[in-house]
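Work through the exercises below with the sequence and the coordinates at hand. Each task is followed by a stepwise solution.

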Amino acid sequence: MTENRITGEDMDSTTAALNQGVRRLAIERAVSEVEGWREKLEASGDPGLQPIAGNLGELKQPLTAERLDAGAIGRLLTELGDRTQAVAVSGTASPVADRLQLLSQLLTDEGRSVTEQAERSTTEGEAPGGR
């Protein structure tokens, strides 16, 4: 049986993409990252990672919708950040805990930023999201 461990290197491209900001990320790349991580986490068999995989499945829906719902995307990113933080501090991911902490912070920060932008757009009369 092959072990499906997640390494720090697995997180590097995602962390790099989040460092650039989610608004700069092409939808196709975002969907690819989300789907790749969902599959990897499900395959890990780790029950602590399954809720994160579920969140990633939820995130794919608004990313592939006809119109982007920035508010929903922001909330899901923030929730992913919170769940990732919980795994990072749980002790079960100690080999990659430092990278999980960074990933958690980036997800949370980007989620809040997207949510705030969506709220500003809504109060200014713009449609939230759009492509």
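A salt bridge is a side-chain nitrogen of Lys or Arg within 4 Å of a carboxyl oxygen of Asp or Glu. The model is predicted, so local features need pLDDT of at least 70 and side-chain atom pairs count only at pLDDT 80 or more, while totals for chains, interfaces and linings use all residues. Residues are numbered from 1 along each chain as its sequence is written, and side-chain values use heavy atoms, with hydrogens and water left out.

**Exercise 1. Salt bridges**

Solution. 

Step 1. Helices (H or I, at least four residues) and strands (E, at least two) are DSSP runs, numbered from the N terminus. For accessibility, buried means under 20% relative accessible area, exposed over 50%, and partly exposed in between (1.4 Å probe, protein chains only). Arginine 99 is partly exposed at 32%, whereas glutamate 9 is exposed at 55%.

Step 2. Aspartate 10 lies in helix H1 and lysine 40 in helix H2, so parts 30 residues apart in sequence are tied together by the pair. Aspartate 10 is partly exposed, at 25%, and lysine 40 is partly exposed, at 31%.

Step 3. Shared partners join Glu35, Arg38, Glu42 and Lys60 into one network of salt bridges.

**Exercise 2. The chain as a whole**

Task: Describe the secondary structure and the overall dimensions of the chain.

Solution. 
Step 1. The chain has five helices and zero strands, and its elements run α-α-α-α-α from the N terminus on.

Step 2. The C-alpha trace spans about 55 × 25 × 25 Å along its principal axes.

Step 3. The radius of gyration is taken over C-alpha atoms, and the globule rule is 2.2 Å times the number of residues to the power 0.38. For 131 residues a compact globule would come out near 14 Å, and the 15 Å of the chain agrees.

Step 4. Of the 131 residues, 41% are buried.

**Exercise 3. The nonpolar core**

Task: Which residues of the largest nonpolar core touch the most other members?

Solution. 
Step 1. A nonpolar core is a set of buried Ala, Val, Leu, Ile, Met, Phe, Trp, Tyr and Cys residues joined through side-chain atoms within 4.5 Å.

Step 2. The largest such core holds 31 residues, and Leu41, Ile52, Leu56, Leu59 and Leu63 touch the most other members. Two or more residues each come from helix H1 (8-20), helix H2 (27-44), helix H3 (50-63), helix H4 (70-89) and helix H5 (97-123). H4 gives the largest share, seven residues.

Step 3. Contact means heavy atoms within 4.5 Å. Apart from neighbours within four places in sequence, isoleucine 52 is in contact with Leu41, Leu80, Arg83, Thr84 and Val87.

**Exercise 4. Helix H3**

Task: Where on helix H3 do its buried residues lie?

Solution. 
Step 1. The expected span of a helix is 1.5 Å times one less than its number of residues. For the 14 residues of H3 this is 20 Å, and the end C-alpha atoms are 20 Å apart, which agrees.

Step 2. The buried residues of H3 are Ile52, Ala53, Asn55, Leu56, Leu59, Pro62 and Leu63. Down the helix axis they fall within an arc of 170 degrees, so they line one face of H3. The arc is that of the directions from the helix axis to the C-beta atoms.

Step 3. The cover over these buried residues includes H2 and H4.

**Exercise 5. Serine 104**

Task: Is serine 104 buried or exposed, and which residues does serine 104 touch?

Solution. 
Step 1. Serine 104 sits in helix H5.

Step 2. Its relative accessible area is 3%, so serine 104 is buried.

Step 3. Not counting residues up to four places away in sequence, serine 104 touches Gly81, Thr84 and Gln85.
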